[in-house]
Amino acid sequence: MTRERLYLYDTTLRDGAQTQGVDFSLEDKGLIAQQLDVLGIDYIEAGYPGANPTDTKLFAAPQKLGLAKLTAFGMTKRPGRSIANDPGFQAVLAAKAPAICLVAKTWDFHVEVALGISLEENLQAVADSVAAVVASGREALVDCEHFFDGYKANSDYALACAEAAYEAGARWVVLCDTNGGTLPEEIERIVVEVVQHIPGDHVGIHVHNDTDNGVANSLAAVRAGARQIQGTLNGLGERCGNANLTSIIPTLLLKTDYAARFETGVTPDKLKTLTHASRILDELLNRAPNRRAPYVGESAFAHKGGIHVSAVQKDPRTYEHVPPEAVGNRRRLLVSDQGGRSNILAELDRIGIAVPKNDPRIARLLDEVKEREANGYAYEAADASFELLARRILGNVPQFFDVESFRVMVERRHNAVGDLVTVSEATVKVRIDGETMLSVGEGNGPVNALDTALRKDLGRYQSYISDLELVDYKVRILTGGTDAVTRVLIESRDGEGNRWFTVGVSPNIVDASFEALLDSINYKLIRDGATAPQ
């Protein structure tokens with residue numbers, strides 16, 4: 001049976017850029033667009049030319065894409081102005097892009113209150129704007145803003161706006177749930193009604209995630225007849241975000257009801273780049289990836305309970321709805337006090353440590369993990385620290401250096417201009433190759449100062465840690481009182497984008513932090529093949 005074509009439209013670089021705390025550079029946009037193109041996205045909405053210097057520059061000399069169609073975003077012409085006398089509209093028309101998507105008002109409430117014009121004037125503006133894009137030789141798309149709220153308030157008018165865009169030559173009429181409050185059953189019912197007037201292969205869906213139904217609403221629209229889906233990578237977007245293409249795409253390819261009926265520009269081979277694309281975006285935004293994200297998160301295929309692990313090792317289908325490799329992810333068998341020998345053996349196999357199943361050291365390692373977790377350690381969240389612990393018990397951790405002592409001082413004083421400041425200074429004494437080395441570092445806190453001092457000079461190992469960076473630092477108080485036990489979790493990253501987690505536990509927060517710092521450095525040295533002194 002011939003499958004119908006579904007088109008994927010990514011607006012990470014435009015709508016996603018409206019996420020609080022997100023600000024893409026021109027270089028960022030270029031890198032993300034390339035990754036989306038490799039993934040197999042049909043349309044990449046890269047920005048709003050004329051609205052800001054970055055987007056204007058991007059569309060003045062756009063990068064070359066493979067199969068994806070670069071799309072410029074803009075608004076229908078302003079009320080009371082002609083196409084020729086609207087600078088904003090002209091800036092969009094000047095964009096060097098094969099497709100232009102215009103946002104149009106379709107809720108009568110917005111037309112009368114926000115625009116302050118008659119309903120007829122708005123209909124004419126929609127038709128004239130689309131006609132101008134078509135006349136310029138570009139593909140025209142229209143985002144029908146607030147369509148579902150507008151349809152529920154005045155279905156005749158909302159539909160008239162959509163029809164005006166289609167009749168003027170719009171390739172795609174995209175129905176937008178701009179406020180994100182519409183539910184899947186409403187989406188499905190309304191789209192069914194719309195496709196009786198506009199062919200479904202010209203209808204798209206663009207929803208926001210304010211009820212956490214962005215993915216469900218997009219799939220509901222497809223079931224009802226829409227054939228284009230708009231969304232963002234990792235669900236970026238204003239407020240609660242947009243429909244998450246990182247979840248929608250694998251659902252379309254890996255779930256039988258959709259895979260049997262539809263095809264997209266994303267092939268099974270391209271789908272394997274999805275996890276990489278998701279994490280590249282987070283890297284550029286300098287934020288930690290969502291570990292619990294469906295399909296691509298580190299926990300998406302993580303198994304902790306011993307019964308689960310044993311079953312997964314026999315047949316992954318027992319506790320996994322799709323193969324992790326299909327989306328470029330991997331299975332993780334977590335080590336914790338709830339796990340057993342199966343967890344330990346599976347994790348040792350994953351990290352490349354070959355140990356016979358009946359080796360008595362396995363039982364010793366399992367007992368050590370359980371005892372440490374009873375004292376506050378959490379190895380399921382700190383895989384690098386677990387690997388070091390395992391290697392120590394199995395007797396194959398090189399002794400790269402010895403920390404003979406460290407000291408941290410915190411001083412609150414007035415600086416040279418009279419401002420009250422708090423300064424931390426750390427001194428670390430390290431022994432390498434029989435030589436004692438003393439390093440001093442300053443920081444905005446004791447842990448920062450310790451990190452600076454420890455990594456200032458590690459002799460022969462300095463080149464291995466030159467690209468090491470601490471990207472996250474979490475503290476949790478495990479017991480009450482002034483003698484509370486503290487757990488510190490540190491996330492590290494290297495120049496190639498590899499990330500790992502280490503843990504330290506102590507009643508002293510500085511001591512716990514230093515333990516996690518040492519693990520981070522030792523893990524980096526082992527992974528990169530450093531050799532210890534003979």
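Colleague: Which residue in S9 stands opposite Leu8?
Modeller: This is a predicted model, in which local features need pLDDT of at least 70, side-chain atom pairs count only at pLDDT 80 or more, and totals for chains, interfaces and linings use all residues. Residues are numbered from 1 along each chain as its sequence is written, and side-chain values use heavy atoms, with hydrogens and water left out. Strand S2 (residues 7-10) pairs in the parallel sense with strand S9 (residues 228-231) over four bridges; strands (E, at least two residues) and helices (H or I, at least four) are DSSP runs numbered from the N terminus, and two strands pair if DSSP finds at least two bridges between them. Tyr7 has Gln228 as its bridge partner in S9, and the residue opposite Leu8 is Ile229.

Colleague: In what order do the eight strands close into a barrel?
Modeller: S2 is also joined to strand S3 (residues 43-47), by two parallel bridges, and Tyr9 stands opposite Tyr43 in S3. The pairing in the barrel is parallel, and the order is S2-S3-S4-S5-S6-S7-S8-S9. From one strand to the next, the twist averages 25°.

Colleague: What angle does the direction of helix H7 make with that of S7?
Modeller: H7 (residues 155-167) packs on the sheet and touches strand S5 (99-105), strand S6 (139-145) and strand S7 (172-177). Contact here means heavy atoms within 4.5 Å. Axes are lines fitted to C-alpha atoms, for helices over the stretch in contact, and angles run from 0 to 180 degrees between N-to-C directions. With S7, the angle is about 155°.

Colleague: Is H1 roughly parallel or antiparallel to H13?
Modeller: The axes of H1 (residues 26-39) and H13 (residues 274-284) come within 10 Å and cross at roughly 170°. Angles under 35 degrees count as roughly parallel, over 145 as roughly antiparallel, 65 to 115 as roughly perpendicular and the rest as oblique. The crossing angle therefore makes H1, relative to H13, roughly antiparallel.

Colleague: How many nonpolar residues does the contact of H1 with H13 have?
Modeller: From H1, Asp28, Leu31, Ile32, Gln35 and Leu39 meet residues of H13 that include Ile280 and Leu281. Ala, Val, Leu, Ile, Met, Phe, Trp, Tyr, Cys and Pro count as nonpolar, Asp, Glu, Lys and Arg as charged, and the others, Gly among them, as polar. The contact has two polar and one charged residues, and the nonpolar ones number eight.

Colleague: Which element gives the largest share of the lining of the largest pocket?
Modeller: A pocket is an open set of points on a 1 Å grid over the protein atoms alone, where a 1.4 Å probe fits, with protein on both sides within 12 Å along at least five of seven lines; lining residues have an atom within 4 Å of a point. The largest one has a volume of about 680 Å³, the space filled by probe spheres set on points joined across faces, edges and corners. Its lining has 24 residues, with Arg279, Glu298, Arg330, Asn498 and Arg499 nearest the centre. Five residues, the largest share, come from H13.

Colleague: How many charged residues line the second largest pocket?
Modeller: That pocket has a volume of about 310 Å³. H9 (214-224), H10 (245-254) and H13 each supply at least two residues of its lining. The lining has eight nonpolar and eight polar residues, and the charged ones number four.
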